[in-house]
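My entries follow the display.

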Amino acid sequence: MQYQLEIRAGEGGDDAKLFVTDLMNSYIKWFNKENWKWQGLTQSDGQSTIIVDAPRDLELEAGALRVQRVPPTEKRGRVHTSTVTVAVMPLSSLMTTAVIVDPKDVRTEWFSGTGKGGQKRNKSQSCCRLIHIPTGISVTQQGRSRKHNYNIALEEMTKRLNDNSDLSFTNTANAMRQNQIKSGGRDEKAVTIRMQDDMVISHNSGKRMSAQKYMKGFMHLLH
């Protein structure tokens with residue numbers, strides 16, 4: 001199954017952003033060891049995304065990670081605490097398909113035009129109103145040509161239905177992401193990484209492992 005894996009900086013400022021890149025590099029090491037195909041790596045300030053074709057459930061990786069380490073940019077040797085979040089979503093849940101209007105779902109009404117245009121326009125029933133029965137969306141188009149009015153109204157109806165579909169998809173994807181990462185704060189951590197102690201703790205499974213080994217792409221051993 002193909003997954004989209006997103007890593008985002010949470011609390012901790014610049015070091016959280018730096019750790020986003022470090023963690024994504026660790027995931028890539030894992031994927032390469034398993035010979036899993038990955039693509040579409042994108043990285044920006046505090047966010048990194050990749051698509052991977054994996055035979056196992058990667059959603060177990062989702063959650064907030066608390067990281068304690070001396071940042072590479074720290075000159076006084078102080079330990080900083082920051083958080084990053086990992087969201088893993090099946091790619092199929094992030095793909096929308098174009099809505100095709102079924103004529104059986106559309107009621108067509110014809111009526112005379114109103115306003116300026118002369119006697120012919122006001123008497124001939126060339127103006128079109130389309131009503132999408134399942135959703136109640138209604139589109140009206142006025143003009144002299146029946147065919148033109150119908151086609152324009154159908155185009156507008158299709159656009160509105162696709163806009164609604166895209167909005168519904170976006171809301172679903174955001175809800176799925178939010179359910180995985182929660183607020184991304186330190187108190188909602190799924191994993192704690194303590195670099196100074198070479199220790200990683202999973203708060204879901206209770207397992208522990210070396211932080212160095214974790215960063216070499218063995219994070220799946222926590223599950």
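**Aromatic rings: notebook entries**

I looked up burial to begin with, and I found that Tyr27 and Phe31 are both buried, where buried means under 20% relative accessible area, exposed means over 50% and partly exposed lies in between, with a 1.4 Å probe and protein chains only.

I noted that this is a predicted model, in which local features need pLDDT of at least 70 and side-chain atom pairs count only at pLDDT 80 or more, while totals for chains, interfaces and linings use all residues. Residues are numbered from 1 along each chain as its sequence is written, and side-chain values use heavy atoms, with hydrogens and water left out.

I then looked up how Tyr27 and Phe31 are placed, and they are four residues apart in helix H1, so about one helical turn separates them; helices (H or I, at least four residues) and strands (E, at least two) are DSSP runs numbered from the N terminus.

Next I asked how many aromatic pairs the structure holds. I found five, where rings of Phe, Tyr and Trp (its six-membered ring) pair if their centres lie within 6.5 Å, and planes under 30 degrees apart count as stacked, over 60 as edge-to-face and the rest as tilted.

One of these is Tyr27 with Trp30, a tilted pair at 6.1 Å centre to centre with 35 degrees between the planes. Both residues, Tyr27 and Trp30, lie in helix H1 (residues 14–33), three residues apart, and both Tyr27 and Trp30 are buried.

Finally, I recorded that Tyr27, Trp30, Phe31 and Trp36 form one aromatic cluster.
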